Amino acid sequence: MSEPVTESMAEVRAHLADVLDRARREDTPTIVTRRGKAEGIVLDIDEYRRLKAIEEAAEDAWLSKLVDAARADDDGSSLSIEEMTAEILRGDA
């Protein structure tokens, strides 16, 4: 991915098709500013999907690590979701 280009909202509005083409063809994102403050980014849809997949994989890995740690700390007194649900329905909780 190339270094992003920074443009104002007005500039992006004036040539949105060019901004999208640059993101897709040149793999160059555009940071969109409003009143000098970065507000958003235009990037290629495939790059967005790639970044989203990385995010989801990282979240899955983090959750798996939490589950593994909880299982390692389990002294046998933990209840499964099913067991907790049964207790709640019976009124034992």
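This is a predicted model: local features need pLDDT of at least 70, side-chain atom pairs count only at pLDDT 80 or more; totals for chains, interfaces and linings use all residues.
## Ground rules

Local features need pLDDT of at least 70 and side-chain atom pairs count only at pLDDT 80 or more, while totals for chains, interfaces and linings use all residues. Residues are numbered from 1 along each chain as its sequence is written, and side-chain values use heavy atoms, with hydrogens and water left out.

## Overall shape

Let's start with the layout: the chain holds four helices and three strands, in the order β-α-α-β-β-α-α from the N terminus. Helices (H or I, at least four residues) and strands (E, at least two) are DSSP runs, numbered from the N terminus.

The radius of gyration of the chain is 24 Å, whereas a compact globule of 93 residues would have one near 12 Å. That value is taken over C-alpha atoms, and the globule rule is 2.2 Å times the number of residues to the power 0.38. The C-alpha atoms fill a box of roughly 65 × 25 × 20 Å along the principal axes. Buried residues account for 14% of the 93 residues; buried means under 20% relative accessible area, exposed over 50%, and partly exposed in between (1.4 Å probe, protein chains only).

## Helix H3

Helix H3 covers residues 45–73, 29 residues in total. From first C-alpha to last it reaches 42 Å, close to the 42 Å expected at 1.5 Å a residue (the expected span is 1.5 Å times one less than the number of residues). Asp 44 caps its N-terminal end, with a side-chain oxygen 3.1 Å from the backbone nitrogen of Asp 46.

A salt bridge here is a side-chain nitrogen of Lys or Arg within 4 Å of a carboxyl oxygen of Asp or Glu. Glu 47 is buried at 9%, while Arg 50 is partly exposed at 43%. Lys 52 is partly exposed at 32%, and so is Glu 55 at 43%.

## Helix H2

Salt bridges with shared partners join Asp 21, Arg 24 and Arg 25 into one network. Within it, Asp 21 meets Arg 25 at 3.8 Å, N to O. Asp 21 is partly exposed at 22%, whereas Arg 25 is exposed at 63%.

Arg 22 also belongs to H2 (residues 16–25) and is buried at 16% relative accessible area.

Conventions. A polar contact is a pair of N or O atoms within 3.5 Å; within protein, one must be able to donate a hydrogen and the other to accept it, and residues adjacent in sequence count only if both atoms are side-chain atoms.
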